[in-house]
Amino acid sequence: NNGAAPFLPDRLDLDSLREAATRCEGCDLYRDATQTVFGEGPASARFMLVGEQPGDQEDRKGAPFVGPAGRILDRALEEAGIDRDDVYVTNAVKHFSFVLRGKRRIHQKPTAAEVDACRPWLTAELALVEPEVVVVLGATAARSLLGPAFRVTRQRGQPVPLGDGAGALAVATIHPSAVLRAPDRDAAYAGLLADLLVAAGTVN
Ligand code: SF4
């Protein structure tokens, strides 16, 4: 596998991109996953939210952030005053990576090579949507967008240049699934919300 680049369409718009991504074999993750889970949202969105990868429910339904983490995210967006119509949501990796334990599919963090392989899709989404701010949800998305030296724990909630050439800002925060796993869920949620409020404050 040579990554996603050879699978990108000639005509770059969100519909042709999404359609072409259904056939991507840029890394091995397409083999066991149900389907490609591409980003969703309007091309006019001022906010782009980037997570790690689809989870079990996202893989089955073919849409990003429709499982438990998505519900946390929806609530936090609403509380932060960010309109869903102004949001494009996607993931650093477009196929579900998992290991089987019995019949259960357990989420497995994508490798650096898989993140690299999938980056052409994310780069194309960024170029088409041209968001004003990218909310980077967790370490995998941060690695893809901000490089391996970026540390979400230390640099979250601070607007930094995305370096996309279009002047977009990035604000990193935890992945909403980390709220579900946190010993103190309320504190973790409050942190996510605070970072989203920073992102909201960078636009308009
Ligand atoms: Fe292609 Fe990304 Fe899926 Fe790998 S994870 S097959 S690069 S869409």
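User: What makes α4 stand out in the lining of the second largest pocket?

Analyst: In this predicted model, α4 supplies 5 residues, the largest share of the lining of the second largest pocket. The elements that give two or more residues to this lining are α4 and α5.

User: Which residues line the second largest pocket, and how do they divide by class?

Analyst: The lining includes R119, L122, T123, L126 and A127, along with E130, S144 and L145. By class there are 6 nonpolar, 3 polar and 3 charged residues. The volume of this pocket is about 170 Å³.

User: What is the volume of the largest pocket, and which residues are closest to its centre?

Analyst: The largest pocket holds about 840 Å³ of space. Its lining has 31 residues, and A69, H107, H175, S177 and R181 are the closest to the centre. The classes are 12 nonpolar, 11 polar and 8 charged. Elements that each supply at least two lining residues include α3 (68–79), β4 (104–107) and α7 (176–181).

User: How many cavities of 30 Å³ or more are there, and what lines the largest?

Analyst: There is 1 cavity of 30 Å³ or more, and the largest cavity has a volume of about 100 Å³. Of its 15 lining residues, C24, G26, C27, H95 and C118 lie nearest the centre. Helix α4 (residues 112–129) gives the most to this lining, with 3 residues. The lining comprises 10 nonpolar, 3 polar and 2 charged residues.

User: Which residues surround the ligand?

Analyst: The ligand is surrounded by C24, G26, C27, Y30, V93, K94, H95, A117, C118 and W121. This shell divides into 7 nonpolar, 2 polar and 1 charged.

User: Why is H95 called buried?

Analyst: The relative accessibility of H95 is 10%. Buried means under 20%, so H95 at 10% counts as buried.

User: Where is H95 in the chain, and which residues does H95 touch?

Analyst: H95 is in the loop between β2 (87–91) and β3 (98–101). Not counting residues up to four places away in sequence, H95 touches C24, L29, Y30, A33, Q35, T36, Q53 and P54.

User: What separates the C-alpha atoms of H95 and T22?

Analyst: These two residues are 73 residues apart along the chain, and 10.0 Å separates their C-alpha atoms.

Key
Residues are numbered from 1 along each chain as its sequence is written. This is a predicted model: local features need pLDDT of at least 70, side-chain atom pairs count only at pLDDT 80 or more; totals for chains, interfaces and linings use all residues. Side-chain values use heavy atoms; hydrogens and water are left out. On a 1 Å grid over the protein atoms alone, a cavity is a set of points where a 1.4 Å probe fits but cannot get out, and a pocket is an open set with protein on both sides within 12 Å along at least five of seven lines; lining residues have an atom within 4 Å of a point. Grid points are joined across faces, edges and corners, and a volume is the space filled by probe spheres set on the points. Helices (H or I, at least four residues) and strands (E, at least two) are DSSP runs, numbered from the N terminus. Ala, Val, Leu, Ile, Met, Phe, Trp, Tyr, Cys and Pro count as nonpolar, Asp, Glu, Lys and Arg as charged, and the others, Gly among them, as polar. A residue is near a molecule or strand if one of its heavy atoms lies within 4 Å of it. Buried means under 20% relative accessible area, exposed over 50%, partly exposed in between (1.4 Å probe, protein chains only). Contact means heavy atoms within 4.5 Å.
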